[in-house]
Each structure stands twice: as structure tokens, then as C-alpha cells.
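Reader: Pick one part of this model and walk me through it closely, please. I'd like the cut-offs spelled out as you go.

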Amino acid sequence: ILREVRLSEMTGKVKATFDENGIPYVLLKGAVIRPLYPAPWMRTSCDADVLIHEKDLDRAIALLTAAGFTTKGERDYHDVSLYYGYTHLELHFNICENDEKLDRMLSKVWDYTLPGKQSEQRMTSAFFLFHHTAHAAYHFIRGGCGVKPLLDLYILRQCGFYDENELLPLLEQSDLVPFYRA
């Protein structure tokens, strides 16, 4: 529960900073799924993931560090890690997985976003599920895939979060239908 409170506080700080400064962003993974669980703390997470445009990265880091975040300044192939106290933020500038088959679609994420409140954007439900499935497949193949993505999928199905008829064409483009069905 404490982790959920800290993640929520940090995510709120990120959203407020980006909203105040006009930086478009998309909440990813747990930040979207957590409210759909019977209680938000039931969807455990070690970090929060937020996507911004790569052109906004340096400005976003400067604004967040001015707001109390810290960073080691290390840039990965798709994100930069920041910390708000003990809470970890993965600030993504893309959601690619270094896998050509997956990245063909993942690199189109901004084509599948819709406007939200202020600077927040949100993925279409089908693309959110595509990203969720692609990320799980990546970890299944390379290691680090636990039961959490499967529980998420169950919750998303139960609450009618997405239309499978919209999802399947996206999955087909990356040969993910067999993985999704399994």
C-alpha cells in the first residue's frame, strides 16, 4: 500500500509538471491498469512508466529535476531513470524493445494516441493491449516475465477494456497472435 501511495504521489507530480509546461505524455503499463484492479495496491509495481516525445526529453528532465527528482543521467535505448525519493520513474522517449518485428508497430505509438486532459494523451485501448502483449512477449523470450502481465490481461478482459477485433490486426503485424492466444 505504501508503494502505491508513493507511486501515485510521484505520478501526480510528473503529470502536474508536464501539464504546467505543455509536454505531451502518455501513462504506460501499471499506471493505466492499476485503477482497474479491485484495489489499486493489488497491482504491484516497482516503478511508473511515462512516455514523452524524444524532442522533449532534455526539457522534461530539467523540469523534473527542478521539481525534486534526481537522475544518474544514464540514457537507455528507450528511457531515462529518475527518482522521486525512493520511487522510480522510467521516462520513456520510445517504447521499442530492440526487436525488429515488435518495433515496427511499437514505433507508431503516437499514431495511436488520443487527447486526454491537458497535456495527457492516452493510447487507444487496442494499441495499449498491443503494447502490453508485445512487452510481455519480449520479457517471455528474454527473461523477466512473471504472472503480472497475465493477471493484467485477465483484469482488462473482465472489465471490457478493449475490443479484440481491433487488437488482433495489430498483433498480426508483429506475429503476436499465437503468443496472445496462449
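Author: Let's start with the cysteines: Cys 159 is partly exposed, with a relative accessible area of 41%, whereas Cys 96 is buried at 14%. Here buried means under 20% relative accessible area, exposed means over 50%, and partly exposed lies in between (1.4 Å probe, protein chains only). The whole structure has zero disulfides, a disulfide being a pair of cysteine sulfur atoms within 2.5 Å.

A word on the ground rules. This is a predicted model, where local features need pLDDT of at least 70 and side-chain atom pairs count only at pLDDT 80 or more, while totals for chains, interfaces and linings use all residues. Residues are numbered from 1 along each chain as its sequence is written, and side-chain values use heavy atoms, leaving out hydrogens and water.

Strands are DSSP runs of E with at least two residues, numbered from the N terminus.

Strand 1 (residues 25-28) pairs with strand 2 in the antiparallel sense over four bridges, and strand 5 (residues 87-92) pairs with strand 2 in the parallel sense over five bridges; pairing takes at least two DSSP bridges between two strands. Leu 51 figures in both: Leu 51 is the bridge partner of Val 26 and stands opposite His 92 in strand 5.
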